[in-house]
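Subject: Handover of a two-chain model

Hello,

Please find the structure below. My notes on what was found in it follow.

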Amino acid sequence: MNAPKLLVSLFLLFALALSACGGSSSQPTAPSPVGSTETQSPPSAAQTTTKGKIVISNWDAYMPADLLEKFTAETGIQVELALHATNEEIVGKLVASKGKGFDVVFMTGQFADAMAKMGLLSEIDYTKLPNSTNLFDEVKRIPFTKYAVPYTWGTTGLCYRSDLVNYEPDSWYDLLKPKAELVGKITMLSTDRWLLLPAQKALGFSANTTDEAEMQQVKELLIEAKKTLLAYDDTTFYSKLVSGEALLVEAWDGWCNYGIAENPDIRFVIPKEGSDLWVDAMVIPEPSENKEAAYAFIDYVLRPEIGTWVAENILYKVPNRAVMGQLSADLLNSFENLTIPPQELLKQEALQDVGEAQSLYSSVVAEVLASGQ
Amino acid sequence: MKKLVSPLVLLGPALTWLGIFLVLPLALIFVYSFFQRGAFGQIVPQFTLGNYMRLFNPTVLKVFLNSLRIASLVTVLALLLGYPTAYFITQQSARWKNTLLVLVILPFWTSYLIRTYAWIVLLNREGVLSRLLISLGLSREPISFLYNDTAIFIGLLYGYLPFMVLPLYSSIERLNPELREASFDLGATPLKTFLQVTLPLTLRGVVTGAIFVFVPSLGNFFVPELLGGGQRFMIGNMINNQFLKARDWPYGSAMAFGVMAIVLILLLFQAWITRRTEQS
């Protein structure tokens, strides 16, 4: 076999393998357990047996890098960290294992809500969390905090280039029925709940509506809005603002800050029709065998220094009074949306799992995305 | 005994691998496709044909047809570009052949996803191409080449062209040059020689290449999402959404099997063509 032939046959083998798995490389897959799992070495064998070990799962880089090390040093509890890229991924894992295998999991509120309704979460006993007194009182008004301890929170709104947009957008209609100058320079989020949110709120409906007639109107409005969009974008919308490709985008408050960090002319506004309240939270799966250690971990995360790290590095708001009161003026001036007070956030609607209506939601999303082809 | 052992030793590892990582997951997905979604996204083991019935709703059919259209067009374009390329490579000296083939394979050293992001850098409004056109005076306004069907064609064609070139190369390479010479000697024009000698004898390569391009184009979801701006919805996106966003695994599984049925029909067609060309 000569060299070119050998090359070709080798390549075709690869090609077969590749075509079998399509574009799987794009999926933000969970890093393999071997690669991602960091087992903290125990300070001593004796401590290990008395204090035990917990397994937590979080998004990558969503807490201080040295948190686990310090926690173990202080409490003697060993922590094994697994990572997940999306809520859907970790929920899939937990549902498949009926909640086994993890002691503390970070996830977004509406997913925690669904997990709690499936009976997979243990109810939180706040008396076991002394640091929970740091949490804003408003937190208790969010139904799913019975099962989930808030870590960060925020809302969704309009993020725009104040230097290139010559008026102040303040309505979802600025996004859905844009002025001529903004046509083709707008992006919307593509994850279903946030794709639907602007139209649900603009029409005065609940962000958790399960009414078919209302969803019909939502669909029609979104199909119209699609014609004036540049793109649906969940991941790079703020860089599109920075480059000037887009002038107005639907954005999560924290992500708008990533744009502001690169261009101070970028602004964030909560539309006057209202928006959602999202909460990223910590939950304890019901089957966890080391709940005491899980509580110790959550209590540690509620310390002000952890929240301060999150606000300064992730640029998200933290539902922690002790943190928000002492952020530097510099930070608050640069990233104005960090100053949105809890009362203002609580006026927005917490996203909840819509249960059976999910199939209605996905068919509306599919029809919107497939329209105009 | 010896006769039985050696195939087992030789094929054992590969068969185990395929069994665990291909057949088993496929079987799981097949079973899921007859189950129901629970209210909170669980998989409820209750038999239903409902997931398959839902494939016949107009939106799904539209997305299916649209994906078929895009994948077919990409395949035709890949063939039109790939055939002359492969033919050219076979005409070079052995050393050049090697170099050219390595060049064809070279892009695979980087992830397709990253190369797709690179296209965004090239094609966006403030991108390399747009700036180049302005500085050459060919355009006054920045132009975006992204977020439309053309961008999706470019992304898919770019990604899968090597899959067309290589099978074509190997089948053209295998063609005995004397057959073409004989055709010329008997007075056939170059066009006639190509159509009646070269093309029929390399049909296997054409069909193989076409399938290698068509199948992954049909299932691709990140090119429409990134270069199409998520506005062009292909069947891959739809399946991806069912699994990752709607958490409706049974429905997603049924869609995946719908795509697989199409692919299977194509593979049968390929087998039939192969057998026919081998007989003649």
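Which domains does the domain assignment of chain A give? There are two: domain 1 covers 33-152 + 278-349, and domain 2 covers 154-277 + 353-370. The bounds come from an automatic or database domain assignment.

Some conventions before the rest. This is a predicted model, in which local features need pLDDT of at least 70, side-chain atom pairs count only at pLDDT 80 or more, and totals for chains, interfaces and linings use all residues. Residues are numbered from 1 along each chain as its sequence is written, while chains are lettered from A and ligands numbered from 1 in the order in which they are written.

Confidence

The predictor gives the complex an ipTM of 0.75 and a pTM of 0.79. For pLDDT (the predictor's confidence in each residue, from 0 to 100), chain A averages 87, with 86% of its residues scoring at least 70. Residues 15-50 of chain A have a pLDDT below 50, and in the model this stretch has 53 contacts beyond near neighbours in sequence. Two residues are in contact if their C-beta atoms, placed from the backbone, lie within 7 Å. Where pLDDT is low, the predicted coordinates should not be read in detail. Chain B averages a pLDDT of 89, and 98% of its residues score at least 70.

The two chains

Chain A has 17 helices and eleven strands, and chain B has 13 helices and two strands. Helices (H or I, at least four residues) and strands (E, at least two) are DSSP runs, numbered from the N terminus. Of the 373 residues in chain A, 48% are buried; for the 280 residues of chain B the share is 39%. A residue is buried if 20 or more other C-beta atoms lie within 10 Å of its own, exposed if 12 or fewer, and partly exposed in between, with C-beta atoms placed from the backbone. Taken along the principal axes, the C-alpha atoms of chain B fill a box of roughly 75 × 75 × 35 Å.

The C-alpha centres of domain 1 and domain 2 of chain A lie 28 Å apart. Between them, 20 residues of domain 1 of chain A are in contact with 17 residues of domain 2 of chain A. On the domain 1 side, α6 (109-117), β10 (276-283) and α16 (342-346) of chain A each supply at least two residues. The largest share, four residues, comes from α6(A). By class, that side of domain 1 has nine nonpolar, five polar and six charged residues. Here Ala, Val, Leu, Ile, Met, Phe, Trp, Tyr, Cys and Pro count as nonpolar, Asp, Glu, Lys and Arg as charged, and the others, Gly among them, as polar.

Where the chains meet

43 residues of chain A are in contact with 44 residues of chain B. The elements of chain A that each supply at least two residues to its side are α1 (3-21), α5 (87-96), α6, β7 (231-232) and α17 (358-370). Of these, α1(A) gives the most, with nine residues. The side of chain A that touches chain B divides into 18 nonpolar, 15 polar and ten charged residues.

α6(A) is largely enclosed by the rest of the structure, because eight of its nine residues are buried. Among them are A:F111, A:A112 and A:M115. The cover over the buried residues of α6(A) includes α5, β4 (104-108), β5, β10 and β11 (349-350) of chain A. Just after α6(A), A:G119 takes a positive phi of about 75°.

The largest nonpolar core has 175 residues, and those with the most contacts inside it are A:A112, A:M115, A:V283 and A:F297. Such a core is a set of buried Ala, Val, Leu, Ile, Met, Phe, Trp, Tyr and Cys residues joined through C-beta atoms within 7 Å. Both domains of chain A give residues to this core, so it lies between them. Leaving aside neighbours within four places in sequence, A:V283 is in contact with residues including A:A112, A:M115 and A:Y147.

A covered strand

Strand β9 (residues 266-269) of chain A has both faces covered: A:I266 and A:F268 on one side, and A:R267 and A:V269 on the other, are all buried. β9(A) pairs with strand β5 (residues 148-161) of chain A in the antiparallel sense over four bridges; strands pair if DSSP finds at least two bridges between them. A:V269 in β9(A) is the bridge partner of A:L158.

Regards
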